[in-house]
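Welcome! Have a look at the sequence and the model first, and then read on.

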Amino acid sequence: MAMAMAIEVSIWRGRANGRYQTFTVPLDQSQTVLDVVTWVQRKLDPTLAYRFACRVGMCGSCAMTVNGRPRWTCRTHISKVVEAGRVEIGPLANMPIIKDLVCDMAEFFAKWQRAKGAFAPGKSRHDPIERISPAAAERVAADAAIECINCAVCYAACDTVRWNENYLGPAALNRAWTLVNDVRDAGQRERLAALAADGGCHACHSHHSCQEHCPKALSPVRSIAGLKRRSLEAYVRGEL
Amino acid sequence: MKSHTTAHRKSGLWIAAMVHRLSGLALACFLPLHFLALGLAIDGEAQLDRFLAWTANPWVKLAETTLVFLLTVHLLGGVRVLLLETLPWREGHKQLATAAVAAAALAAIAFLVRAA
Amino acid sequence: MNVRLYLLQRATAAIMVPLVLGHLAVIYYATRGGLTAADILARTRGSIGWGAFYGLFVLAAAIHGAIGVRTIASEWAGLRGGKLDLLMWSFGLTLAALGLRAMAAVLLP
(Lines give C-alpha, C1' and ligand atoms only; values in the text may rest on other atoms or scores of the structure.)
Protein backbone atom coordinates (compact mmCIF):
# COMPACT_ATOMS: atom_id res chain seq x y z
CA MET A 1 0.00 0.00 0.00
CA ALA A 2 2.69 2.43 1.02
CA MET A 3 4.62 1.78 -2.20
CA ALA A 4 1.86 3.22 -4.34
CA MET A 5 1.55 6.46 -2.41
CA ALA A 6 3.50 9.66 -2.80
CA ILE A 7 3.83 12.78 -0.66
CA GLU A 8 4.43 16.43 -1.36
CA VAL A 9 7.68 17.55 0.26
CA SER A 10 8.42 21.26 0.59
CA ILE A 11 12.14 21.85 1.08
CA TRP A 12 13.81 25.17 1.83
CA ARG A 13 16.09 26.36 -0.97
CA GLY A 14 18.68 29.11 -0.89
CA ARG A 15 19.72 31.32 1.99
CA ALA A 16 17.69 33.42 4.43
CA ASN A 17 15.75 35.08 1.61
CA GLY A 18 15.09 31.77 -0.15
CA ARG A 19 11.79 29.92 -0.59
CA TYR A 20 10.24 26.48 -0.30
CA GLN A 21 10.38 24.22 -3.35
CA THR A 22 7.93 21.33 -3.57
CA PHE A 23 8.87 17.84 -4.72
CA THR A 24 6.78 14.68 -5.09
CA VAL A 25 8.41 11.74 -3.35
CA PRO A 26 7.18 8.13 -3.32
CA LEU A 27 6.57 6.68 0.13
CA ASP A 28 8.50 3.62 1.20
CA GLN A 29 8.46 1.35 4.20
CA SER A 30 10.41 2.46 7.29
CA GLN A 31 11.39 5.64 5.46
CA THR A 32 12.94 8.43 7.52
CA VAL A 33 12.80 12.16 6.87
CA LEU A 34 16.50 11.92 6.01
CA ASP A 35 15.69 9.17 3.47
CA VAL A 36 13.19 11.50 1.83
CA VAL A 37 15.70 14.35 1.59
CA THR A 38 18.33 11.94 0.22
CA TRP A 39 15.85 10.63 -2.37
CA VAL A 40 15.19 14.19 -3.57
CA GLN A 41 18.92 14.88 -3.84
CA ARG A 42 19.72 11.63 -5.63
CA LYS A 43 16.73 11.48 -7.99
CA LEU A 44 15.40 15.00 -8.50
CA ASP A 45 17.91 17.73 -7.74
CA PRO A 46 21.59 16.98 -7.07
CA THR A 47 22.20 20.62 -6.07
CA LEU A 48 20.19 20.20 -2.83
CA ALA A 49 22.51 20.78 0.13
CA TYR A 50 22.02 18.98 3.46
CA ARG A 51 24.13 17.35 6.16
CA PHE A 52 24.26 13.85 7.52
CA ALA A 53 26.85 11.31 8.54
CA CYS A 54 25.99 8.32 10.72
CA ARG A 55 22.25 7.83 9.90
CA VAL A 56 21.76 6.08 13.26
CA GLY A 57 21.29 8.95 15.73
CA MET A 58 24.83 9.25 16.99
CA CYS A 59 26.57 12.05 15.15
CA GLY A 60 24.05 14.88 15.47
CA SER A 61 24.57 16.31 11.97
CA CYS A 62 21.18 15.77 10.32
CA ALA A 63 18.86 17.92 12.45
CA MET A 64 16.34 19.97 10.45
CA THR A 65 13.07 21.76 11.03
CA VAL A 66 10.21 19.43 10.15
CA ASN A 67 6.75 21.01 10.09
CA GLY A 68 7.92 23.82 12.39
CA ARG A 69 9.62 21.49 14.85
CA PRO A 70 13.37 20.81 15.09
CA ARG A 71 14.07 17.07 14.85
CA TRP A 72 16.82 14.55 14.17
CA THR A 73 15.79 13.47 10.71
CA CYS A 74 17.59 10.10 10.61
CA ARG A 75 15.51 8.79 13.50
CA THR A 76 12.19 10.37 12.52
CA HIS A 77 9.92 8.22 10.37
CA ILE A 78 8.25 10.21 7.63
CA SER A 79 4.93 8.49 8.46
CA LYS A 80 5.02 10.19 11.88
CA VAL A 81 5.27 13.70 10.48
CA VAL A 82 3.27 13.69 7.23
CA GLU A 83 0.14 15.79 7.55
CA ALA A 84 -2.49 15.37 4.82
CA GLY A 85 0.12 14.02 2.42
CA ARG A 86 2.50 16.96 2.93
CA VAL A 87 5.61 17.71 4.92
CA GLU A 88 7.73 20.83 5.17
CA ILE A 89 11.49 20.54 5.76
CA GLY A 90 13.67 23.56 6.52
CA PRO A 91 17.06 24.27 8.07
CA LEU A 92 17.43 24.62 11.83
CA ALA A 93 16.44 28.01 13.23
CA ASN A 94 18.65 30.42 15.22
CA MET A 95 21.65 29.91 12.96
CA PRO A 96 22.55 31.58 9.64
CA ILE A 97 21.59 29.50 6.60
CA ILE A 98 24.52 28.60 4.35
CA LYS A 99 22.44 26.89 1.68
CA ASP A 100 19.16 24.95 1.63
CA LEU A 101 19.11 22.70 4.72
CA VAL A 102 22.64 23.53 5.87
CA CYS A 103 23.11 26.14 8.57
CA ASP A 104 26.27 27.72 9.92
CA MET A 105 27.03 26.19 13.34
CA ALA A 106 30.19 28.21 14.02
CA GLU A 107 28.53 30.42 16.66
CA PHE A 108 26.84 27.41 18.24
CA PHE A 109 30.22 25.75 18.81
CA ALA A 110 31.97 29.01 19.69
CA LYS A 111 29.51 29.24 22.59
CA TRP A 112 30.64 25.80 23.79
CA GLN A 113 34.11 27.30 24.05
CA ARG A 114 32.82 30.41 25.81
CA ALA A 115 30.96 28.19 28.30
CA LYS A 116 34.29 26.46 29.05
CA GLY A 117 32.89 23.24 27.66
CA ALA A 118 36.30 21.56 27.54
CA PHE A 119 37.90 19.56 30.35
CA ALA A 120 40.64 21.48 32.16
CA PRO A 121 43.28 19.00 33.31
CA GLY A 122 45.00 19.58 36.63
CA LYS A 123 47.27 16.55 36.92
CA SER A 124 50.16 15.03 35.07
CA ARG A 125 50.87 11.47 33.94
CA HIS A 126 52.84 10.95 37.15
CA ASP A 127 49.78 11.37 39.34
CA PRO A 128 47.71 8.30 40.13
CA ILE A 129 44.45 7.88 38.22
CA GLU A 130 41.57 9.33 40.19
CA ARG A 131 38.86 6.83 41.12
CA ILE A 132 35.32 8.05 40.45
CA SER A 133 32.55 5.96 41.97
CA PRO A 134 29.61 5.52 39.57
CA ALA A 135 27.35 6.16 42.55
CA ALA A 136 28.92 9.50 43.53
CA ALA A 137 26.42 12.37 43.46
CA GLU A 138 28.54 14.38 40.97
CA ARG A 139 28.93 11.40 38.65
CA VAL A 140 25.18 10.73 38.75
CA ALA A 141 24.46 14.38 37.90
CA ALA A 142 26.94 14.36 35.02
CA ASP A 143 25.58 11.03 33.73
CA ALA A 144 22.09 12.50 33.42
CA ALA A 145 23.39 15.14 31.00
CA ILE A 146 26.29 13.42 29.23
CA GLU A 147 24.61 11.80 26.21
CA CYS A 148 24.35 15.02 24.15
CA ILE A 149 25.15 14.52 20.44
CA ASN A 150 25.57 18.27 19.62
CA CYS A 151 22.67 18.23 17.15
CA ALA A 152 21.58 21.80 18.07
CA VAL A 153 17.90 20.84 18.18
CA CYS A 154 17.60 22.46 21.63
CA TYR A 155 19.44 25.56 20.40
CA ALA A 156 17.01 25.90 17.49
CA ALA A 157 13.99 25.40 19.76
CA CYS A 158 15.03 27.97 22.38
CA ASP A 159 13.38 31.38 22.30
CA THR A 160 15.96 32.82 24.70
CA VAL A 161 18.60 32.05 22.06
CA ARG A 162 16.32 33.70 19.48
CA TRP A 163 15.89 36.86 21.57
CA ASN A 164 19.38 37.18 23.08
CA GLU A 165 22.33 36.66 20.72
CA ASN A 166 24.65 36.61 23.73
CA TYR A 167 22.97 33.64 25.39
CA LEU A 168 25.17 30.55 25.45
CA GLY A 169 22.21 28.28 24.85
CA PRO A 170 21.01 24.97 26.30
CA ALA A 171 23.54 22.65 24.65
CA ALA A 172 26.67 24.54 25.74
CA LEU A 173 25.29 25.02 29.27
CA ASN A 174 24.30 21.36 29.52
CA ARG A 175 27.86 20.45 28.54
CA ALA A 176 29.25 22.86 31.14
CA TRP A 177 27.07 21.19 33.78
CA THR A 178 28.70 17.81 33.12
CA LEU A 179 32.12 19.43 33.67
CA VAL A 180 31.02 21.36 36.76
CA ASN A 181 30.30 17.90 38.16
CA ASP A 182 33.68 16.50 37.12
CA VAL A 183 35.72 16.43 40.33
CA ARG A 184 38.97 16.04 38.32
CA ASP A 185 38.50 19.33 36.47
CA ALA A 186 40.87 22.13 37.50
CA GLY A 187 39.09 25.05 35.77
CA GLN A 188 35.94 25.36 37.84
CA ARG A 189 36.37 28.96 38.95
CA GLU A 190 36.91 30.25 35.40
CA ARG A 191 34.02 28.11 34.19
CA LEU A 192 31.59 29.38 36.84
CA ALA A 193 32.68 32.96 36.14
CA ALA A 194 31.94 32.47 32.42
CA LEU A 195 28.58 30.90 33.23
CA ALA A 196 27.62 33.70 35.64
CA ALA A 197 28.39 36.48 33.14
CA ASP A 198 25.93 38.27 30.87
CA GLY A 199 24.35 35.73 28.51
CA GLY A 200 25.24 32.85 30.81
CA CYS A 201 23.01 30.41 32.67
CA HIS A 202 21.00 33.14 34.43
CA ALA A 203 19.56 34.32 31.10
CA CYS A 204 17.52 31.09 30.89
CA HIS A 205 13.77 31.57 31.41
CA SER A 206 13.01 27.87 31.90
CA HIS A 207 10.74 27.67 28.86
CA HIS A 208 11.54 23.92 28.83
CA SER A 209 11.65 23.86 25.00
CA CYS A 210 15.09 22.19 25.13
CA GLN A 211 13.74 19.38 27.29
CA GLU A 212 10.63 19.00 25.09
CA HIS A 213 12.61 18.71 21.86
CA CYS A 214 15.84 16.91 22.82
CA PRO A 215 15.94 13.70 20.75
CA LYS A 216 18.08 12.08 23.43
CA ALA A 217 15.50 12.92 26.11
CA LEU A 218 17.99 15.01 28.05
CA SER A 219 16.92 17.97 30.17
CA PRO A 220 19.22 20.95 29.57
CA VAL A 221 16.80 23.14 31.55
CA ARG A 222 17.49 20.93 34.55
CA SER A 223 21.25 21.21 34.02
CA ILE A 224 20.91 24.98 33.74
CA ALA A 225 18.92 25.14 36.98
CA GLY A 226 21.86 23.33 38.59
CA LEU A 227 24.30 25.85 37.10
CA LYS A 228 22.21 28.79 38.35
CA ARG A 229 22.45 27.41 41.88
CA ARG A 230 26.12 26.48 41.69
CA SER A 231 27.28 29.82 40.25
CA LEU A 232 25.00 31.81 42.58
CA GLU A 233 26.55 30.03 45.56
CA ALA A 234 30.04 30.79 44.26
CA TYR A 235 29.07 34.45 43.73
CA VAL A 236 27.61 34.80 47.22
CA ARG A 237 30.78 33.23 48.69
CA GLY A 238 32.77 35.86 46.81
CA GLU A 239 34.58 33.35 44.60
CA LEU A 240 33.64 34.93 41.26
CA MET B 1 10.18 31.91 6.76
CA LYS B 2 7.93 29.32 8.31
CA SER B 3 10.67 26.88 9.15
CA HIS B 4 11.58 29.28 11.90
CA THR B 5 10.43 26.97 14.55
CA THR B 6 6.98 27.48 15.99
CA ALA B 7 6.09 24.13 17.58
CA HIS B 8 7.61 24.99 20.97
CA ARG B 9 5.20 27.88 21.43
CA LYS B 10 2.32 25.48 21.95
CA SER B 11 3.96 23.97 25.01
CA GLY B 12 2.40 24.57 28.40
CA LEU B 13 5.55 25.78 30.12
CA TRP B 14 6.42 28.19 27.30
CA ILE B 15 2.93 29.65 27.69
CA ALA B 16 3.43 29.78 31.47
CA ALA B 17 6.61 31.81 30.94
CA MET B 18 4.72 34.20 28.65
CA VAL B 19 1.92 34.58 31.21
CA HIS B 20 4.58 35.40 33.78
CA ARG B 21 6.32 37.93 31.56
CA LEU B 22 3.17 39.67 30.31
CA SER B 23 1.60 39.83 33.78
CA GLY B 24 4.85 41.32 35.09
CA LEU B 25 4.93 43.87 32.28
CA ALA B 26 1.31 44.82 32.91
CA LEU B 27 2.00 45.24 36.64
CA ALA B 28 5.06 47.37 35.84
CA CYS B 29 2.85 49.63 33.69
CA PHE B 30 0.12 49.79 36.34
CA LEU B 31 2.32 50.50 39.38
CA PRO B 32 3.18 54.14 38.52
CA LEU B 33 -0.54 54.86 38.05
CA HIS B 34 -1.32 53.16 41.36
CA PHE B 35 1.26 55.30 43.13
CA LEU B 36 0.01 58.48 41.45
CA ALA B 37 -3.54 57.68 42.57
CA LEU B 38 -2.49 57.19 46.19
CA GLY B 39 -0.40 60.34 45.92
CA LEU B 40 -3.62 62.30 45.44
CA ALA B 41 -3.95 62.17 49.23
CA ILE B 42 -1.11 64.70 49.39
CA ASP B 43 -3.66 67.32 48.35
CA GLY B 44 -6.08 66.09 51.00
CA GLU B 45 -8.69 63.45 51.63
CA ALA B 46 -11.24 65.03 49.27
CA GLN B 47 -9.01 64.59 46.21
CA LEU B 48 -8.53 60.90 46.96
CA ASP B 49 -12.24 60.44 47.61
CA ARG B 50 -13.13 61.96 44.25
CA PHE B 51 -10.84 59.42 42.60
CA LEU B 52 -12.22 56.53 44.66
CA ALA B 53 -15.78 57.48 43.68
CA TRP B 54 -14.72 57.05 40.05
CA THR B 55 -13.43 53.52 40.83
CA ALA B 56 -16.95 52.43 41.78
CA ASN B 57 -17.64 52.31 38.03
CA PRO B 58 -18.27 48.65 36.99
CA TRP B 59 -15.64 48.88 34.25
CA VAL B 60 -13.05 49.95 36.78
CA LYS B 61 -14.10 47.06 39.01
CA LEU B 62 -13.51 44.74 36.09
CA ALA B 63 -10.09 46.28 35.51
CA GLU B 64 -9.29 45.86 39.21
CA THR B 65 -10.36 42.22 38.99
CA THR B 66 -7.91 41.79 36.12
CA LEU B 67 -5.20 43.38 38.24
CA VAL B 68 -5.89 40.97 41.10
CA PHE B 69 -5.56 38.12 38.60
CA LEU B 70 -2.31 39.53 37.21
CA LEU B 71 -0.81 40.06 40.66
CA THR B 72 -1.78 36.59 41.87
CA VAL B 73 -0.70 34.78 38.72
CA HIS B 74 2.64 36.63 38.77
CA LEU B 75 3.09 35.77 42.45
CA LEU B 76 2.31 32.07 42.03
CA GLY B 77 4.21 31.77 38.74
CA GLY B 78 7.17 33.46 40.40
CA VAL B 79 7.04 31.09 43.38
CA ARG B 80 7.11 28.20 40.89
CA VAL B 81 10.23 29.61 39.22
CA LEU B 82 11.91 30.17 42.60
CA LEU B 83 11.18 26.56 43.57
CA LEU B 84 12.43 25.26 40.20
CA GLU B 85 15.67 27.18 40.55
CA THR B 86 16.42 26.59 44.23
CA LEU B 87 15.16 23.10 45.11
CA PRO B 88 16.43 19.77 43.74
CA TRP B 89 14.89 19.10 40.30
CA ARG B 90 11.33 17.84 40.11
CA GLU B 91 9.02 17.14 37.19
CA GLY B 92 5.39 18.24 37.27
CA HIS B 93 5.89 21.92 36.48
CA LYS B 94 3.13 21.85 33.87
CA GLN B 95 0.67 20.84 36.54
CA LEU B 96 2.04 23.46 38.94
CA ALA B 97 1.74 26.18 36.27
CA THR B 98 -1.85 25.18 35.49
CA ALA B 99 -2.70 25.19 39.18
CA ALA B 100 -1.18 28.68 39.51
CA VAL B 101 -3.38 30.07 36.75
CA ALA B 102 -6.46 28.36 38.18
CA ALA B 103 -5.76 29.67 41.69
CA ALA B 104 -5.23 33.19 40.34
CA ALA B 105 -8.52 33.02 38.45
CA LEU B 106 -10.30 31.92 41.64
CA ALA B 107 -8.70 34.77 43.59
CA ALA B 108 -9.84 37.27 40.95
CA ILE B 109 -13.39 35.90 40.88
CA ALA B 110 -13.54 36.02 44.67
CA PHE B 111 -12.48 39.67 44.50
CA LEU B 112 -15.11 40.46 41.87
CA VAL B 113 -17.90 38.76 43.80
CA ARG B 114 -16.95 40.62 46.97
CA ALA B 115 -16.51 43.99 45.30
CA ALA B 116 -19.67 43.81 43.19
CA MET C 1 21.15 39.03 32.84
CA ASN C 2 24.22 38.24 34.89
CA VAL C 3 24.49 36.69 38.33
CA ARG C 4 24.29 40.04 40.18
CA LEU C 5 21.06 41.12 38.50
CA TYR C 6 19.75 37.58 38.88
CA LEU C 7 20.42 37.60 42.62
CA LEU C 8 18.78 41.01 43.04
CA GLN C 9 15.72 39.96 41.07
CA ARG C 10 15.24 36.61 42.79
CA ALA C 11 15.95 38.06 46.26
CA THR C 12 13.41 40.86 45.81
CA ALA C 13 10.97 38.24 44.46
CA ALA C 14 11.40 36.12 47.58
CA ILE C 15 11.00 39.17 49.83
CA MET C 16 7.79 40.11 48.04
CA VAL C 17 6.11 36.69 48.41
CA PRO C 18 4.80 37.41 51.92
CA LEU C 19 4.35 41.11 51.07
CA VAL C 20 2.08 40.36 48.10
CA LEU C 21 0.09 37.88 50.17
CA GLY C 22 -0.32 40.57 52.83
CA HIS C 23 -1.26 43.15 50.21
CA LEU C 24 -3.87 40.80 48.71
CA ALA C 25 -5.32 40.31 52.20
CA VAL C 26 -5.51 44.11 52.61
CA ILE C 27 -7.18 44.42 49.20
CA TYR C 28 -9.86 41.90 50.14
CA TYR C 29 -10.34 43.46 53.56
CA ALA C 30 -10.39 47.07 52.37
CA THR C 31 -12.85 46.52 49.52
CA ARG C 32 -15.41 44.74 51.66
CA GLY C 33 -17.80 47.68 51.45
CA GLY C 34 -16.31 50.12 48.96
CA LEU C 35 -13.14 52.16 49.37
CA THR C 36 -13.13 55.53 51.08
CA ALA C 37 -10.21 57.86 51.68
CA ALA C 38 -11.09 58.14 55.36
CA ASP C 39 -10.96 54.35 55.71
CA ILE C 40 -7.56 54.08 54.04
CA LEU C 41 -6.03 57.02 55.85
CA ALA C 42 -7.31 55.91 59.25
CA ARG C 43 -5.43 52.68 58.72
CA THR C 44 -2.21 54.15 57.42
CA ARG C 45 -1.62 57.61 58.92
CA GLY C 46 1.20 57.53 61.46
CA SER C 47 1.51 53.76 61.34
CA ILE C 48 5.11 52.61 61.63
CA GLY C 49 4.12 49.02 60.85
CA TRP C 50 2.42 49.88 57.55
CA GLY C 51 5.27 52.28 56.80
CA ALA C 52 7.83 49.48 57.12
CA PHE C 53 5.64 46.99 55.24
CA TYR C 54 4.99 49.25 52.27
CA GLY C 55 8.41 50.91 52.34
CA LEU C 56 10.05 47.52 51.85
CA PHE C 57 7.42 46.61 49.26
CA VAL C 58 7.98 49.78 47.21
CA LEU C 59 11.76 49.36 47.14
CA ALA C 60 11.62 45.64 46.35
CA ALA C 61 9.05 46.22 43.58
CA ALA C 62 11.13 49.05 42.09
CA ILE C 63 14.26 46.85 41.90
CA HIS C 64 12.36 43.77 40.74
CA GLY C 65 10.33 45.66 38.13
CA ALA C 66 13.33 47.57 36.79
CA ILE C 67 15.32 44.38 36.18
CA GLY C 68 12.27 42.71 34.60
CA VAL C 69 11.68 45.68 32.28
CA ARG C 70 15.39 45.60 31.38
CA THR C 71 15.18 41.94 30.35
CA ILE C 72 12.04 42.46 28.26
CA ALA C 73 13.43 45.58 26.56
CA SER C 74 16.59 43.67 25.72
CA GLU C 75 14.86 40.56 24.38
CA TRP C 76 11.83 42.06 22.68
CA ALA C 77 12.93 45.57 21.72
CA GLY C 78 16.58 44.82 20.99
CA LEU C 79 17.90 47.46 23.40
CA ARG C 80 21.55 46.97 24.34
CA GLY C 81 24.36 48.54 26.36
CA GLY C 82 23.97 52.05 27.78
CA LYS C 83 20.38 52.51 26.60
CA LEU C 84 19.39 49.37 28.44
CA ASP C 85 21.00 50.51 31.70
CA LEU C 86 19.48 53.97 31.31
CA LEU C 87 16.01 52.44 30.93
CA MET C 88 16.51 50.16 33.95
CA TRP C 89 17.73 52.95 36.21
CA SER C 90 15.17 55.53 35.14
CA PHE C 91 12.29 53.06 35.46
CA GLY C 92 13.48 51.85 38.87
CA LEU C 93 14.16 55.31 40.27
CA THR C 94 10.84 56.69 38.95
CA LEU C 95 8.95 53.79 40.49
CA ALA C 96 10.76 54.21 43.82
CA ALA C 97 10.17 57.98 43.84
CA LEU C 98 6.48 57.69 42.98
CA GLY C 99 6.06 54.89 45.53
CA LEU C 100 7.73 56.81 48.33
CA ARG C 101 5.69 59.90 47.43
CA ALA C 102 2.49 57.83 47.62
CA MET C 103 3.58 56.48 50.99
CA ALA C 104 4.23 59.98 52.25
CA ALA C 105 0.74 60.95 51.09
CA VAL C 106 -1.02 58.21 53.04
CA LEU C 107 1.37 57.75 55.99
CA LEU C 108 2.31 61.22 57.17
CA PRO C 109 -0.21 62.56 59.64
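How many residues of chain A are in contact with residues of chain B? In this predicted model, 22 residues of chain A are in contact with 17 residues of chain B.

**Where chain A meets chain B**

- On chain A, the elements giving two or more residues to the side that touches chain B are strand 4 (69-72), strand 5 (86-90), helix 5 (153-157), helix 9 (209-213) and helix 10.
- Helix 10 of chain A gives the most to this side, with 4 residues.
- Sorted by class, the side of chain A that touches chain B has 9 polar, 7 nonpolar and 6 charged residues.

**Where chain C meets chain B**

- Here 29 residues of chain C are in contact with 28 residues of chain B.
- Helix 1 (3-30), helix 2 (37-44), helix 3 (48-77) and helix 4 (81-107) of chain C each give two or more residues to the side that touches chain B.
- That side of chain C divides into 19 nonpolar, 7 polar and 3 charged residues.

**Chain C as a whole**

- Chain C has 4 helices and 0 strands, and from the N terminus on its elements run α-α-α-α.
- The C-alpha trace of chain C spans about 45 × 25 × 25 Å along its principal axes.
- Of the 109 residues in chain C, 33% are buried.
- Among the contacts in chain C with a separation of 6 or more, 74% are between residues 24 or more positions apart.

**A look at helix 1 of chain C**

- Helix 1 of chain C has 28 residues, and at 1.5 Å a residue it should span 40 Å; the end C-alpha atoms are 39 Å apart, which agrees.
- Where does helix 1 of chain C bend? The bend, of about 35°, is at Met16(C), and a proline, Pro18(C), follows within four residues.
- Met16(C) is also one of the buried residues of this helix, and the others are Val3(C), Tyr6(C), Gln9(C), Arg10(C), Thr12(C), Ala13(C) and Val20(C).
- What do the buried residues of helix 1 of chain C pack against? Their partners are helix 8 (188-196) and helix 10 (220-236) of chain A, helix 3 (58-86) of chain B, and helix 3 of chain C.

Key: Residues are numbered from 1 along each chain as its sequence is written. Chains are lettered from A and ligands numbered from 1 in the order in which they are written. This is a predicted model: local features need pLDDT of at least 70, side-chain atom pairs count only at pLDDT 80 or more; totals for chains, interfaces and linings use all residues. Two residues are in contact if their C-beta atoms, placed from the backbone, lie within 7 Å. Ala, Val, Leu, Ile, Met, Phe, Trp, Tyr, Cys and Pro count as nonpolar, Asp, Glu, Lys and Arg as charged, and the others, Gly among them, as polar. The expected span of a helix is 1.5 Å times one less than its number of residues. The bend at a residue is the angle between axes fitted to the seven residues ending there and the seven starting there. A residue is buried if 20 or more other C-beta atoms lie within 10 Å of its own, exposed if 12 or fewer, and partly exposed in between; C-beta atoms are placed from the backbone.
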